[in-house]
Amino acid sequence: AQSVTQPDIHITVSEGASLELRCNYSYGATPYLFWYVQSPGQGLQLLLKYFSGDTLVQGIKGFEAEFKRSQSSFNLRKPSVHWSDAAEYFCAVGAREYGNKLVFGAGTILRVKS
Amino acid sequence: DAGVTQSPTHLIKTRGQQVTLRCSPKSGHDTVSWYQQALGQGPQFIFQYYEEEERQRGNFPDRFSGHQFPNYSSELNVNALLLGDSALYLCASSSPGAPGNEQFFGPGTRLTVL
């Protein structure tokens, strides 16, 4: 079965510090990978996506992620966190072989301290 | 360009009642997917509609049903509501040719079952 694991439920970083959110997946096919952000009571906003090609992808708001096939990982990074980055972050995986559904991780809540 | 819209924003129902949620896809999109996001969890895929047919379904009971109209808008119906149906219901739209199944999400409908 397809699954996505986000090992960290909560992460707290200081404003200006670097950030890395972890995502591991289990998929029997070549995955499409996404990171979404959700502010309280809001829908999901796409930060970045990986379909193929360069394994380091750039997204909005200064975020980037790196696809590592050997580790089945797609970790999200940001070099310098801003207070406005506090939100919940979801990693999601899809694959053409499994239709068009997305499978989401449980999310990581990011808290930024000043 | 309007994004994905959903109505209503919030809804309160009692156990055993029925509810209908509505979604209008992003302009140019003809595929609609529905997800359930329980508190503290990632979104779970309910089903997807394309050309007015249910194309794919997640692990949800038959109490959950849907419909897609010729203008691509969609409804999610839930019968015999249970307390456990309380969640944020997210609608996502995409176009079948979109690479990597990229989906755009609406703001969601918060359903509370008392």
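Mentor: Below we go through the chain contact, the salt bridges, the pockets and some backbone details.
Mentor: This is a predicted model, where local features need pLDDT of at least 70, side-chain atom pairs count only at pLDDT 80 or more, and totals for chains, interfaces and linings use all residues. Residues are numbered from 1 along each chain as its sequence is written, chains are lettered from A and ligands numbered from 1 in the order in which they are written, and side-chain values use heavy atoms, with hydrogens and water left out.

Trainee: How many residues of chain B are in contact with chain A?
Mentor: 20 residues of chain B touch 23 residues of chain A, contact meaning heavy atoms within 4.5 Å.

Trainee: And what is the area buried there?
Mentor: About 1,700 Å², with carbon and sulfur atoms giving 50%. Buried area is the accessible area (1.4 Å probe) that two parts lose on being put together, summed over both.

Trainee: Which residues form the salt bridge between the chains?
Mentor: Glu102(B) pairs with Lys49(A), and their closest N and O atoms are 2.7 Å apart. The count between chain B and chain A is one, a salt bridge being a side-chain nitrogen of Lys or Arg within 4 Å of a carboxyl oxygen of Asp or Glu.

Trainee: Which strands of chain B supply residues to that side?
Mentor: Strands E4 (31-37), E5, E6 (53-57) and E9 (87-94) of chain B each give at least two residues to the side touching chain A. Strands (E, at least two residues) and helices (H or I, at least four) are DSSP runs, numbered from the N terminus. By class, that side has eight nonpolar, 10 polar and two charged residues. Ala, Val, Leu, Ile, Met, Phe, Trp, Tyr, Cys and Pro count as nonpolar, Asp, Glu, Lys and Arg as charged, and the others, Gly among them, as polar.

Trainee: How many salt bridges over all chains?
Mentor: Eight. One of them joins Asp8(A) and Arg22(A), at 3.0 Å between the closest N and O atoms. Asp8(A) sits in the loop between strands E1 (3-5) and E2 (10-14) of chain A and Arg22(A) in the loop between strands E3 (19-21) and E4 (24-26) of chain A, so the pair ties together parts 14 residues apart in sequence.

Trainee: Switching to pockets, what is the volume of the largest pocket?
Mentor: About 270 Å³. On a 1 Å grid over the protein atoms alone, a pocket is an open set of points where a 1.4 Å probe fits, with protein on both sides within 12 Å along at least five of seven lines, and lining residues have an atom within 4 Å of a point. Grid points are joined across faces, edges and corners, and a volume is the space filled by probe spheres set on the points.

Trainee: What lines the largest pocket?
Mentor: 15 residues, with Gln38(A), Pro40(A), Gly41(A), Glu88(A) and Gln37(B) nearest its centre.

Trainee: Where is the cis peptide bond?
Mentor: From Ser7(B) to Pro8(B), with omega near -10 degrees.
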